[in-house]
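Have a look at the model first, then we'll take the calls one at a time.

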Amino acid sequence: MTLAIGVDVGGTKVAAGVVDEQGRILAKLKRSTPAASPARTEQAIADVVTELLAEVPPDQLTAIGLGAAGFVDSARATMLFAPNLAWRDEPLKQRVEERLGREVVVENDANASAWAEARFGAARGYRDVMLVAVGTGIGASIIIGGELYRGRWGIAGEPGHVRVVPDGRLCDCGNRGCWEQYSANSPGAPRKAP
Ligand SMILES: [Zn+2]
C-alpha cells in the first residue's frame, strides 16, 4: 500500500490527512491557521505533517501535498497572493521543505479539491469539470479534457474576486465588491450592506 499526506491550508484552519491510493482517509487532524504570520502558518503546516508522519511507515509514503488557499504560481512553488492569509510572493514550497527536510508539492486548494473529486468523488469519470469551493472565500477550479486548466499565470478560476457590486464591500484582496464578500465566510469585511 502506498500513502500520501495531504494538507488543506485555509484562511481559518489547517486540515491534514493520510490518504491511500483509493482516496480513503486513514488519519486526519486539524489546527487553526495563524493566518497573520507566514512563518507561523508554515510552521503549523510542518507541525501537522510531522504529527501524521509518525503514523505512516516510511517505505509507504509517496508524497506530501499542500492545497493552499491563494494564488499559486505556474511553477507551483510560490504563493503570489492569498486574500485570507498573509502570503505575498511567499516561497511556500521552499519554506515548508526547509522545515520538514522533505519534498512537498504545492497546489491551489480548489485545484486539489477538483482533482480529488475527479479521481475519487462526484466528478469521477468526467473529463470536463468545474468546481466552486465556498469556504472562507470562494475558489474554483476547471478541468478540461482531463487536465487541470491553470491559465497563463497559474491562477485560472478565481471567481471569488470578480466584482459583483460596484463600490461594494472592501475585500482583503484590496478591491471592492468581490463575490466572496457576499457569498462566503470571509472575515475581511463587515457583514452589513455597503
Ligand atoms: Zn477580493
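Q: Where does V164 sit in this predicted model?
A: V164 is in the loop between β11 (147-148) and α4 (180-183).

Q: Why does V164 count as partly exposed?
A: Its relative accessibility is 43%. Buried would need under 20% and exposed over 50%, so 43% puts V164 in between, and partly exposed is the label.

Q: What makes the nonpolar surface patch that V164 belongs to?
A: The patch is made by M130, V132, V134, V162, V164 and W179, and covers about 530 Å².

Q: Why is N111 called buried?
A: N111 comes in at 3% relative accessibility, and the cut-off for buried is under 20%, so the call is clear. As for its place, N111 is in helix α3 (residues 109-120).

Q: What does N111 touch, leaving aside its neighbours within four places in sequence?
A: N111 is in contact with A140, S141, L148 and R150. L53, on the other hand, is 58 residues from N111 in sequence and 24 Å from it in space, C-alpha to C-alpha.

Q: How do you know that β5 and β6 pair?
A: 2 bridges join β5 to β6 (residues 79-81). Pairing takes at least two bridges, so these strands qualify, and they run antiparallel. Within this pair, V72 stands opposite M79 in β6.

Q: What makes β5 and β7 edge strands?
A: The open sheet has 3 strands in the order β5-β6-β7, with antiparallel pairing. β5 (71-72) and β7 (88-90) each pair on one side only.

Q: Which residues touch the most other members of the largest nonpolar core?
A: Of its 33 residues, those are I5, V7, I45, V49, L66, W87 and L92. Helix α1 gives the largest share of this core, 7 residues. Apart from it lies another core, of 8 residues, among them A118, A123, L131 and I143.

Q: Why would nonpolar side chains end up together like that?
A: In soluble globular proteins, nonpolar side chains tend to be buried together.

Q: What is L92 in contact with, leaving aside its neighbours within four places in sequence?
A: The list is E42, I45, L66, A68, A77, T78, M79, W87 and V106.

How values were computed. Residues are numbered from 1 along each chain as its sequence is written. This is a predicted model: local features need pLDDT of at least 70, side-chain atom pairs count only at pLDDT 80 or more; totals for chains, interfaces and linings use all residues. Side-chain values use heavy atoms; hydrogens and water are left out. Patches are made of residues with over 30% relative accessible area and no salt bridge: like charges are joined within 9 Å, nonpolar side chains (Val, Leu, Ile, Met, Phe, Trp, Tyr) within 5 Å. Accessible areas come from the Shrake-Rupley method with a 1.4 Å probe; for residues, only the protein chains shown count as cover. A salt bridge is a side-chain nitrogen of Lys or Arg within 4 Å of a carboxyl oxygen of Asp or Glu. Helices (H or I, at least four residues) and strands (E, at least two) are DSSP runs, numbered from the N terminus. Buried means under 20% relative accessible area, exposed over 50%, partly exposed in between (1.4 Å probe, protein chains only). A nonpolar core is a set of buried Ala, Val, Leu, Ile, Met, Phe, Trp, Tyr and Cys residues joined through side-chain atoms within 4.5 Å. Contact means heavy atoms within 4.5 Å.
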